[in-house]
Structure formats: structure tokens, C-alpha cells
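Please keep the sequence and the 3D view open beside them as you go.

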Amino acid sequence: MTNLDEFVAGTDPTDPGSLFAARIEIDDADPDRVRILFSPYLPDRTYTLTSSSTLEDGSFADLPAIAGGTHSVEGRFLDTAGADHRFYRVRVEKN
């Protein structure tokens with residue numbers, strides 16, 4: 001990432017330990033639902049998460065944020081398309 005990309009993502013380009021991190025959790029009650037969680041999440045940014053089963057252009061669709069789940073530490077999105085082979089993209093924009 002460029003220094004500008006890191007700034008927009010909310011990480012410090014001068015600190016190698018400052019990372020944009022993401023993880024996936026499968027819903028124990030419904031294995032066809034996965035939560036994508038990432039940090040940092042900052043209130044002055046707009047986050048868009050998309051997913052696809054392929055890397056083809058135009059195949060990515062927006063995922064909904066988990067209602068009430070986005071807070072100052074972590075962004076949370078929900079994918080109901082199943083936990084099989086998926087690709088994710090996070091777009092961050094500074095407001």
C-alpha cells in the first residue's frame with residue numbers, strides 16, 4: 001500500500017506494526033453465514049465490502065454491514081452466500 005492508502009485505511013505508514021487486519025468467522029448457528037470483521041474502523045471513513053466467488057471484473061457484489069455492529073474498533077459485515085470459496089474486497093474512503 002502507498003502512504004496515502006495507509007492513511008485512508010487508518011494505519012500509520014511509519015509504523016510497520018500498524019496494520020489493516022481482517023478475519024472471517026463462520027456463524028455456528030448457520031454455516032452458510034459468515035461475518036467479515038476488520039480493523040481499524042474509523043468514524044470519518046466510509047467502508048464498502050464486496051464479495052464474489054470469482055475474481056472476474058463485475059462479479060463482486062456489495063455486502064451489508066451488520067446492523068449496530070460497526071463501532072470505533074471494528075467493522076462488521078455479513079455474507080450469506082456461504083462459507084465456501086469466496087473473495088472479498090474492502091474499499092475505504094475518507095469523508
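Predicted model: local features only at pLDDT ≥ 70, side-chain atom pairs only at ≥ 80, totals over all residues.

In which loop is glutamate 74 found?

1. Glutamate 74 is found in the loop between β4 and β5. At 15% relative accessibility glutamate 74 counts as buried, because the cut-off for that word is under 20% relative accessible area. The side chain of glutamate 74 is joined to the side chain of arginine 23 by a polar contact of 2.6 Å.

2. Consider next the open sheet of three strands, whose order is β4-β3-β6 and whose pairing is antiparallel. The strands β4 (61-62) and β6 (87-94) stand at its edges, and each has a single partner strand, so one side of each is left without a neighbour in the sheet. Strand β3, which covers residues 45-52, is joined to β4 by two bridges, and within this region serine 51 stands opposite alanine 61 of β4.

3. Isoleucine 36 has phenylalanine 77 as its bridge partner in β5. Strand β5 itself, residues 75-79, is mostly covered, since four of its five residues are buried.

4. With a relative accessible area of 31%, arginine 33 is partly exposed. If residues up to four places away in sequence are not counted, arginine 33 touches Glu25, Ile26 and Asp27, and also Leu78, Asp79 and Thr80. The C-alpha atom of arginine 33 is separated by 6.8 Å from that of alanine 81, although the two residues are 48 residues apart along the chain.

5. Turning to the aromatic rings, a search of the whole structure finds four aromatic pairs. One of them is formed by phenylalanine 38 and phenylalanine 77, which are stacked, with 5.8 Å centre to centre and 25° between the planes. Because phenylalanine 38 lies in strand β2 and phenylalanine 77 in strand β5, the pair ties together parts that are 39 residues apart in sequence. Phenylalanine 38 counts as buried at 1% relative accessibility, and phenylalanine 77 counts as buried at 6%. Ring pairs also link Phe20, Phe38, Tyr41, Tyr47 and Phe77 into a cluster.

6. Arginine 45 lies over the face of phenylalanine 7, at 5.4 Å from the ring centre, while arginine 89 lies over the face of phenylalanine 60, at 3.8 Å from the ring centre.

7. As general background, nonpolar side chains in soluble globular proteins tend to be buried together. Here the largest nonpolar core has ten residues in all, among them Val8, Ile36, Phe38, Leu49, Phe77 and Val92. The elements that give two or more residues to this core are β2 and β3, and β2 gives the most, with three residues. Leucine 49, one of the core residues, is in contact with Ile36, Ala61, Asp62, Leu63, Phe77, Tyr88, Arg89 and Val90, leaving aside its neighbours within four places in sequence.

Definitions and conventions:
Residues numbered from 1 in each chain as written. Heavy atoms only, no water. Pairing = 2+ DSSP bridges. Buried < 20%, exposed > 50% of the residue type's maximum accessible area, 1.4 Å probe, protein only. Contact = heavy atoms within 4.5 Å. Phe/Tyr/Trp six-rings, centres within 6.5 Å; stacked < 30°, edge-to-face > 60°. Lys NZ or Arg CZ within 6 Å of the ring centre and 35° of its normal. Core = buried A, V, L, I, M, F, W, Y, C linked by side-chain atoms within 4.5 Å. Polar contact = N/O pair within 3.5 Å; in protein donor to acceptor, adjacent residues only side chain to side chain.
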